[in-house]
Amino acid sequence: MARRQIYWGWGYEDEFPTGAELREGAEAIVRTLGFGSTEVEEPVPPERLDLPKPRIAPASGLAEICSTDVHDRARHSYGMSFRDLVRAFRGQIDNPPDLVAFPRNEREIEAVLEWCESVNAAVIPYGGGTSVVGGVEPRSCERYDGVVSLDLRRLDRVLEFDRTSYAARVQAGAPGPTLERQLAEHGVTLRHFPQSFQFSTLGGWIATRAGGHFATLYTHIDDLVESVRAITPRGTWESRRLPGSGAGPSPDRMLLGSEGTLGVITEAWVRVRDKPGYRASAGVRYGSFDAAAEAVRAIAQAGLYPTNCRLIDATEARLTAGGDGEHALLVLGFESADHPVEPSMDRALELAKRHGGIVDAGEGHRSGLVGSWRDSFIRAPYLRNLFPCVGVLVETFETAITWDRLPEFHAEMMETARDAVRRVFGQGSVTCRFPYVYPDGPAPYYTIHAPARRGEEVEQWDELKRAASDALMAGGGTITHHHAVGRDHRPWYDRQRPEPFAAGLRAAKAALDPKGILNPGVLIDPE
């Protein structure tokens with residue numbers, strides 16, 4: 001029997017701890033954070049879900065690829081934000097799709113879109129369901145007579161490999177591990193490893209402009225895309241495969257970040273590389289986060305382009321890497337398939353020490369604080385499943401800002417977040433890290449843990465989200481650096497984008513999707 005994913009959270013059903021394991025995990029969280037409850041609450045089992053009956057039935061030619069199974073519908077109702085997690089955990093499925101379609105090819109995608117237009121059904125393109133911004137929830141669909149979740153994971157093959165150009169044509173439904181296994185047969189890798197790598201898909205990465213493995217230079221999936229193909233209600237959209245082009249606005253760039261509202265991405269040519277054979281890692285400790293930020297700026301502006309250049313503040317270093325709680329941690333890494341990387345690492349460490357950094361002896365890719373941080377990063381999505389069980393709320397918000405504005409911006413963000421935590425929860429922690437850095441600025445990523453009032457988590461999350469997002473906008477940052485817009489960020493995205501651009505986006509939507517069936521509520525509202 002095939003393994004089944006948890007309908008409400010991350011991973012497979014057979015991976016979720018129960019009984020003594022769950023209580024042990026709860027005690028560890030409470031011990032680490034200093035709050036939460038060891039009175040463990042367990043998720044509503046799938047057999048107790050009570051979903052409304054589907055309002056529509058698939059056309060006869062589509063019945064074999066469509067499901068009205070309760071687990072399938074519940075699994076496709078939410079993404080993976082804490083707001084999603086806690087509602088599904090309690091069996092609160094607010095807006096389930098009426099059915100889930102699993103197309104096997106583009107012809108079936110075209111048929112689903114045509115049928116949905118004819119019956120006034122919204123279509124939510126779905127990859128791995130790992131959105132943390134309300135990108136796959138069938139919200140804002142009140143004017144439709146039904147909702148179809150279009151799951152693309154049967155389109156999961158590497159179709160071509162061009163060794164001369166080092167590029168591969170890949171179907172959009174391929175999740176990270178499946179994609180890498182097939183590329184490995186050709187001796188190459190994409191090396192795009194977001195934290196959601198296990199379940200997220202190539203099409204989802206493109207649709208959301210996902211950030212990946214590289215902390216500098218190739219930070220977003222944008223940098224690895226050569227061309228994109230999509231199915232729209234008004235025809236096939238496919239760009240010419242080129243290493244670069246100056247021929248007007250880029251059709252690829254318009255699909256990158258489109259979040260399924262302009263078309264259903266079905267495949268892409270992506271730039272691949274040989275697997276790295278040369279690696280070097282190091283951890284550098286700082287007594288001051290501000291001094292560490294100056295070191296990161298120096299490294300980012302030196303043209304060294306480290307693969308990893310993550311700055312983690314002292315509190316987060318304690319929680320995720322076993323730090324002492326007094327020192328910020330800079331995780332540095334270099335890799336290459338072609339040449340030794342020690343000279344680059346040596347120069348980066350010179351710059352790091354110039355700003356007061358202390359290099360931890362014996363650090364390596366899988367040892368010391370660096371190894372502990374890496375293991376924690378991989379386990380994090382599974383750990384989040386436990387937070388609703390123990391009455392802990394977690395929220396993240398990430399942004400980008402230029403170096404000249406960083407000190408004032410960061411101080412204001414930390415103060416605003418701490419004030420909101422005190423007001424809403426009474427206590428909690430606010431931490432910051434830089435997962436990505438550029439010559440002109442970093443991408444700060446903030447994490448909040450706080451004791452939740454059971455049954456009121458959504459209201460608490462909403463209040464916290466508003467305070468943080470308002471502060472991001474007031475400080476001149478972006479509402480999102482790599483988590484996309486979805487439905488959760490819409491109010492602030494509407495304020496960030498220029499109005500003439502919004503009008504142009506609405507016009508493109510009207511031309512490609514005149515009946516407004518594709519993922520309504522993300523980016524723009526249908527006319």
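**Close-up 1. Glu137 and Arg87, a buried pair.** Both Glu137 and Arg87 are buried, where buried means under 20% relative accessible area, exposed over 50% and partly exposed in between (1.4 Å probe, protein chains only). Their side chains meet in a salt bridge at 3.1 Å, N to O; a salt bridge is a side-chain nitrogen of Lys or Arg within 4 Å of a carboxyl oxygen of Asp or Glu. The two partners are 50 residues apart, with Glu137 in the loop between strand E3 (121-126) and strand E4 (146-151) and Arg87 in helix H3. Helices (H or I, at least four residues) and strands (E, at least two) are DSSP runs, numbered from the N terminus. Glu137 and Arg87 also belong to a network of salt bridges that links them with Asp84, Asp94, Arg139 and Asp488.

A note on the model: this is a predicted model, in which local features need pLDDT of at least 70 and side-chain atom pairs count only at pLDDT 80 or more, while totals for chains, interfaces and linings use all residues. Residues are numbered from 1 along each chain as its sequence is written, and side-chain values use heavy atoms, with hydrogens and water left out.

**Close-up 2. Helix H3 beside helix H14.** H3 (residues 82-89) and H14 (residues 457-475) pack at an angle of about 175°, with their axes 10 Å apart. Axes are lines fitted to C-alpha atoms, for helices over the stretch in contact, and angles run from 0 to 180 degrees between N-to-C directions. H3 is therefore roughly antiparallel to H14, a term for angles over 145 degrees. Look for Phe82, Arg83, Val86 and Arg87 of H3 meeting Glu457, Val458, Trp461 and Asp462 of H14, where contact means heavy atoms within 4.5 Å.

**Close-up 3. Glu267 and Arg169, from strand to strand.** The side chains of Glu267 and Arg169 meet in a salt bridge at 2.7 Å, N to O. Glu267 lies in strand E10 (residues 264-271) and Arg169 in strand E6 (residues 167-171), so this pair ties together parts that are 98 residues apart in sequence. Glu267 is buried, and so is Arg169.

**Close-up 4. Arg209 and Asp222 in a loop.** Here, too, the side chains meet in a salt bridge, at 2.7 Å, N to O. Arg209 and Asp222 both lie in the loop between helix H6 (202-208) and strand E8 (225-232). Arg209 counts as partly exposed at 39% relative accessibility, whereas Asp222 counts as buried at 5%.

Key
Parallel < 35°, antiparallel > 145°, perpendicular 65-115°, else oblique.
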